[in-house]
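How do the parts of a protein chain meet, and which charged side chains pair up? Please look over the structure below with those two topics in mind.

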Amino acid sequence: MITTGQKIAIQRTDSSRLSSTNLNDIKFGRVFSDHMLVMDYQDGAWQPPTIMPFGDLHMSPAALVLHYSQTIFEGLKAYKSADGSVNLFRPQANITRMNHSAKRLCMPQIPEELFLEALTTLVGLDRGWIPEGDGAALYIRPFMFASDEYIGVKPSDGYRFIIITCPVRGYYNEPVRVKIETTYSRAFPGGTGETKCGGNYAGGLYPAKLGQDAGYHQLIWTDGLTHQYIEESGTMNVFFNIDGKLITPALDGTILRGVTRDSIIRIAKDEGFPVEERKVSVEEVVTAAREKRLISAFGAGTAATIAHIASIAHGDEVFELPAVGERKLAERIGTVLDGIRRGHLNDKYGWVVRV
Ligand code: COI
């Protein structure tokens, strides 16, 4: 059946997979909801978007993205609230960031209003796929890639913008063991570190694999020039509670402008916790850990929200951090953040968009 709303054409699936999917037993990123939104950029303009059944794409093996990685993405979540309404968390922030990434990767801007309408229409259509319970949400993945059939190196003329969604529960099953990485780099000044482009993630795979082979879940990335300053943790921003102060590396162009990072900073300040955004040296963290002044550390991102760090390795030393149950500051921030997203707490920030 084809219905046409104001701007978005909708081709509904006639064989929904929802009733045969167990939303209580899902692995992150493996199960996808019934529909996706697709919009092409051709002849210098975005063509009308279509919501269609989730399915494979047909593309040329010469598509530019497959060769030179001109591709960007976002991650945000929708939550089912207690009264049954569907809440999108800070979609505007993701829209802004995606357009920021697009500029850096020489890709076209996506009109903000259309982007938001695409998100709300798609999530509204597949609202039945939003799981309920602790840590449960619909993870929304907008992405854009270069679609020209051409293998010369240049910005593509054509692009495809797609939004897919997947029901998710937790991202990590347990607090993570991390290692401070001082050989490989995720980003460098003037590079693409602060954007959400595919290449940033591809480049991190090999060092992360070496870390996993050595028994760590993730790496703590340090700056590409000196390896003396901490930047991120795995695919997330990173926070340290040292002596009761919440400290995180300042955004300097190499660090992702995390939406969860920003939300945590604002909540922490409003809850009366001292917050410092600045350069964070490896030396400072290691010394604090040695002197038992490192009360907690965690990664912050959309997928995991707060990913507690159990231990930090640096060279031959491994520092075990206090048990998660003792981490009151992180717990309080997590409770407020979750309460706002799920509509239990007043959204004084205006972050939630109801679908
Ligand atoms: C996030 O933490 O939200 C991420 O970007 C991780 C994602 C690459 C799965």
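**Domain contact**

The model is predicted. The protein chain is divided into domain 1 (9-168) and domain 2 (176-341). Their C-alpha centres lie 27 Å apart. Domain 1 puts 20 residues into the contact, and domain 2 puts in 22 residues.

The size of an interface is often given as the accessible area lost when the parts come together. Here domain 1 and domain 2 bury about 1800 Å² between them. Carbon and sulfur atoms carry 58% of that area. On the domain 1 side, Phe73, Phe89 and Arg97 lose the most area to domain 2. Together they account for 32% of what that side buries.

Polar links also cross the boundary. There are 14 residue pairs in polar contact between domain 1 and domain 2, both residues being at pLDDT 80 or more. Four elements of domain 1 give two or more residues to the side that touches domain 2: strands S6 (71-73), S7 (76-80) and S8 (86-89), and helix H2 (91-104). H2 gives the most, with six residues. By type, this side of domain 1 divides into nine nonpolar, six polar and five charged residues.

The count of salt bridges between the two domains is one.

**Salt bridges**

The whole structure holds 27 salt bridges.

| Pair | Closest N–O distance |
|---|---|
| Asp262 and Arg90 | 2.9 Å |
| Asp338 and Arg342 | 3.0 Å |
| Arg257 and Glu194 | 3.4 Å |
| Asp148 and Lys154 | 3.8 Å |

Arg257 forms a salt bridge with Glu194. This pair links distant parts of the chain, 63 residues apart. Arg257 sits in the loop between strand S15 (245-249) and helix H5 (259-270). Glu194 sits in the loop between strand S11 (176-180) and helix H4 (198-213). Arg257 is partly exposed at 38% relative accessible area, whereas Glu194 is buried at 15%.

Asp338 is partly exposed at 21%, and Arg342 is buried at 8%. Elsewhere, salt bridges that share partners join Lys245, Glu276, Arg278 and Glu284 into one network.

**Thr335**

Thr335 is found in helix H7 (residues 328-341). A polar atom of the Thr335 side chain lies 2.8 Å from the backbone oxygen of Glu331. Thr335 is partly exposed, with a relative accessible area of 43%. Between Thr335 and Pro111 the C-alpha to C-alpha distance is 34 Å, with 224 residues of sequence separation.

Note on methods. Residues numbered from 1 in each chain as written. Predicted model: local features only at pLDDT ≥ 70, side-chain atom pairs only at ≥ 80, totals over all residues. Heavy atoms only, no water. Domains from an automatic or database assignment. Contact = heavy atoms within 4.5 Å. Buried area = accessible area lost by both parts, 1.4 Å probe. Salt bridge = Lys/Arg side-chain N within 4 Å of Asp/Glu carboxyl O. Polar contact = N/O pair within 3.5 Å; in protein donor to acceptor, adjacent residues only side chain to side chain. Nonpolar A, V, L, I, M, F, W, Y, C, P; charged D, E, K, R; others polar. Buried < 20%, exposed > 50% of the residue type's maximum accessible area, 1.4 Å probe, protein only.
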